[in-house]
Amino acid sequence: VLVIFLARKQKISFRYSAGWLVLCVSGSVAGFFIPFIETLALKLQLGVGVLVIGSASLVLLALCIQLSVSISGLQRQVQLLNEDVALQKKSIEDGLAHKN
């Protein structure tokens, strides 16, 4: 509900809204896979809780890395845009100085 609210208020983009919704739905549907999870946990000689928490931690780690990559790309774009604006501003100021 919170993801949909934030998406409607345009606080998060469609791309991230879709990702969070997929994560929420997959978490909701995970209950149907309890027998599979128990079997896998036995094969790996782990407790069910350890397997679930470990899997959730890996998903959240991947999400954090993906968001860090996105933010780094945006920071680079802002830096390039600021440099371009500064060069254009200097060019305009130089042009105005030559006219006077």
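The secondary structure of the protein, taken here from a predicted model, comes to four helices and zero strands, and the order read along the sequence is α-α-α-α. The radius of gyration of the protein is 24 Å, well over the 13 Å that the globule rule gives for 100 residues, so the chain is more spread out than a compact globule. Along the principal axes, the C-alpha trace spans about 80 × 30 × 15 Å.

For helix 3 (residues 34-43) and helix 4 (residues 48-99), the axes come within 9 Å and cross at roughly 100 degrees; because an angle of 65 to 115 degrees counts as roughly perpendicular, helix 3 is placed roughly perpendicular to helix 4. Helix 3 contributes Ile37, Glu38, Leu40 and Ala41 to this contact, while Val48, Leu51 and Val52 are contributed by helix 4. Classified by residue type, the contact of helix 3 with helix 4 comprises six nonpolar residues, no polar residues and one charged residue.

Within helix 2 (residues 14-29) lies serine 17, which is buried, since its relative accessible area of 5% falls under the 20% cut-off. When residues up to four places away in sequence are not counted, serine 17 touches Val3, Ala7 and Ile12.

Terms used
Residues are numbered from 1 along each chain as its sequence is written. This is a predicted model: local features need pLDDT of at least 70, side-chain atom pairs count only at pLDDT 80 or more; totals for chains, interfaces and linings use all residues. Side-chain values use heavy atoms; hydrogens and water are left out. Helices (H or I, at least four residues) and strands (E, at least two) are DSSP runs, numbered from the N terminus. Buried means under 20% relative accessible area, exposed over 50%, partly exposed in between (1.4 Å probe, protein chains only). Contact means heavy atoms within 4.5 Å. Axes are lines fitted to C-alpha atoms, for helices over the stretch in contact, and angles run from 0 to 180 degrees between N-to-C directions. Angles under 35 degrees count as roughly parallel, over 145 as roughly antiparallel, 65 to 115 as roughly perpendicular and the rest as oblique. Ala, Val, Leu, Ile, Met, Phe, Trp, Tyr, Cys and Pro count as nonpolar, Asp, Glu, Lys and Arg as charged, and the others, Gly among them, as polar. The radius of gyration is taken over C-alpha atoms; the globule rule is 2.2 Å times the number of residues to the power 0.38.
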